[in-house]
Amino acid sequence: MHYYTDVLKKYTEFSGRARRQEYWMFVLFNLIALIIVAVIDNLIGTYPLLYAIYALAVFLPSLAVGVRRLHDTGKSGWWMLISFVPLIGGIWLLVLMATEGQPQPNEYGPSPKAVHV
């Protein structure tokens, strides 16, 4: 759970690097939270109001952790825009997010894996 809260605390931090584990655990907790909010929203009859508010609230933290994840692989955060390329872009971004980060320091900072071990 701390992966989720840590990302929310660093919601405007686009510099630095994020490990695969940090990114994917945030994605998992965020998906679970989105499902729970959607169910509650349906039960009280306000769908998609609460869902949209939650999605908007986590947009910036999601973007920031995605950029830091790309930095860990040695890529610029601008690579997030590859997802706008139909079909291939989303697949390529998924591959980049699943790729292991560089073990040595790069232009975006020291390896977060070496710092946490």
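## A tour from loop to helix

Start at Leu87, in the loop between helix H4 (59-72) and helix H5 (88-98). The model is predicted. Check the backbone of Leu87: phi is positive, about 65°, although the residue is not a glycine. Is Leu87 buried or exposed? Its relative accessibility is 69%, so Leu87 counts as exposed, the cut-off being over 50%.

Move to Pro48. Look in the loop between helix H2 (20-43) and helix H3 (49-57). Display the peptide bond that joins Tyr47 to Pro48: it is cis. Omega there is about 10°.

Finish at helix H1, residues 2-9. Which residues of H1 are buried? Select Tyr3, Tyr4 and Val7. These three cover an arc of only 100° around the axis, so they sit on the same side of H1. Look down the helix axis to view that arc. What covers the buried residues of H1? Show H2, H3 and H4, which are included in the cover.

How values were computed:
Residues are numbered from 1 along each chain as its sequence is written. This is a predicted model: local features need pLDDT of at least 70, side-chain atom pairs count only at pLDDT 80 or more; totals for chains, interfaces and linings use all residues. Side-chain values use heavy atoms; hydrogens and water are left out. Helices (H or I, at least four residues) and strands (E, at least two) are DSSP runs, numbered from the N terminus. Buried means under 20% relative accessible area, exposed over 50%, partly exposed in between (1.4 Å probe, protein chains only). The arc is that of the directions from the helix axis to the C-beta atoms. Contact means heavy atoms within 4.5 Å.
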